[in-house]
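Reader: I have a structure to go through and I am new to this. Can we take it in short questions?

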Amino acid sequence: MSFMDILAHVFTGLGALVLFASGLGVFRMPDVFNKMHAGTKATTLGSVLFLFGLGLFEPSWMPKLLLIVLFIVLTNPVSSHALARAAHNEPSEKPDNLIIDDLEESKGGDQ
Amino acid sequence: MIRTIIGLVIVLALSAIVVSSVSDYSMPSELIGVGRGYTEQGVNDTGSVNLVTAVVVAYRGLDTLGEVVVLFSASTAVVLILTLIPIGANPTPPSSIVAFTAGILPGAIVLFGIYIITHGHLSPGGGFPGGAVVASAFLLVMLGSNTIPGKSKFLTSIESIAGLTFGLLGFWGMLTLGQFLNNLVLPAGSPGRIISAGIIPLISLAIGAKVASELSGVFASYRKAGGEK
């Protein structure tokens, strides 16, 4: 097994671990924002690591995989941002222990 | 308790039926029947390297025409129902992050959609998925803007022209070769090139344009009906 292969295994393994942690977080976290934190931030990192590891296995796939990585990095945070704002607009989704709420203050406290 | 037992009995009986019906089934070691015919003659018959497209557009082209009609009637119904809902006030404005992303991504997405549509006979894809990708770019543009989309004659005419093209291509085969949607009214060319496989690329284009414009129309009517009342 060459050095590249070992590196590829490390990257894909790390990616799988992060994706697993993300799934576990969605399952275990108490409220919508915490779940979203686990389900979106961690999937971005997990998919990036995993795709990069795949690219190390097959160097000829690397350009396409890097394009996919770029697309995920551009879209995943934006969609989670939009989802989080939508959830914030829904009063029933507000967790009880939400004390500091900068978005609410910037909107002028109208609800 | 009794319900649980009855349920368990039913599940066990159904599993027994399933197991008994598949237990003596063995996978054939080679392709048989229609599948064999498609894989052996598909490239020669249609010139399409992608056999799925060969089946969907050439062998079963009439079914695809039916699917397009189904999509057309479904989207027409959605738009009809949504126009009954009064137009909302301005939709919730997008945050600056969403607006910025909606400004830079759609071009790349449309390009990718066109790639999928035009390579339908060479690689997985074709008119339906490619059209959906293009429509998603329109959706992104709509989400990133603060206005309600107006009535678009452009979309409707694209939709009509695309549907008409599909039908006319079919009749072309009927007039020249005696078969509706016969693929080889144009030469098959050399398989694997982008201009090859008879009228498959043209039909992919027509389906792609139709799906893209129809789905964009549906998105636009949702946008109009949504927003704060």
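Author: What follows is a short chat about the two chains shown above. This is a predicted model, in which local features need pLDDT of at least 70, side-chain atom pairs count only at pLDDT 80 or more, and totals for chains, interfaces and linings use all residues. Residues are numbered from 1 along each chain as its sequence is written, while chains are lettered from A and ligands numbered from 1 in the order in which they are written.

Reader: How many helices and strands are there in chain B?

Author: Chain B has eight helices and zero strands. Helices (H or I, at least four residues) and strands (E, at least two) are DSSP runs, numbered from the N terminus.

Reader: And chain A?

Author: Chain A has four helices and zero strands.

Reader: What is the radius of gyration of chain A, next to a compact globule of 111 residues?

Author: Chain A has 18 Å, whereas a compact globule of that length would be near 13 Å. The radius is taken over C-alpha atoms, and the globule rule is 2.2 Å times the number of residues to the power 0.38. The C-alpha trace of chain A spans about 60 × 25 × 15 Å along its principal axes.

Reader: Which residues touch the most other members of the largest nonpolar core?

Author: They are Ala135(B), Phe166(B), Ile203(B), Ala206(B) and Ile207(B), in a core of 34 residues. H8(B) gives the largest share of this core, 11 residues. A nonpolar core is a set of buried Ala, Val, Leu, Ile, Met, Phe, Trp, Tyr and Cys residues joined through C-beta atoms within 7 Å.

Reader: What does Phe166(B) touch?

Author: Leaving out residues up to four places away in sequence, Phe166(B) touches Leu65(B), Val68(B), Ile203(B), Ala206(B) and Ile207(B). Contact takes C-beta atoms, placed from the backbone, within 7 Å.

Reader: Leu65(B) and Val68(B) again. Which residues of H4(B) are buried?

Author: Gly61(B), Thr64(B), Leu65(B), Val68(B) and Ser75(B) are buried in H4(B). The buried residues of H4(B) pack against helices H3, H7 and H8 of chain B.

Reader: How far apart are the end C-alpha atoms of H4(B)?

Author: They are 35 Å apart, which agrees with the 34 Å that its 24 residues should span at 1.5 Å a residue. The expected span is 1.5 Å times one less than the number of residues.

Reader: Why is Phe138(B) called buried?

Author: Because 21 other C-beta atoms lie within 10 Å of Phe138(B). Phe138(B) is found in helix H6 of chain B, and touches Ser216(B) and Phe219(B), not counting residues up to four places away in sequence.

Reader: How many residues does each chain bring to the contact between them?

Author: Five come from chain B and five from chain A.

Reader: Last topic, confidence. Where in chain B is it lowest, and where highest?

Author: Confidence is lowest in helix H2 of chain B, at a mean of 77, and highest in helix H1 of chain B, at 92. These are pLDDT values, the predictor's confidence in each residue, from 0 to 100. Chain B averages 80, and 90% of the residues score at least 70. For the complex, the predictor gives an ipTM of 0.71 and a pTM of 0.73.

Definitions and conventions: A residue is buried if 20 or more other C-beta atoms lie within 10 Å of its own, exposed if 12 or fewer, and partly exposed in between; C-beta atoms are placed from the backbone. Two residues are in contact if their C-beta atoms, placed from the backbone, lie within 7 Å.
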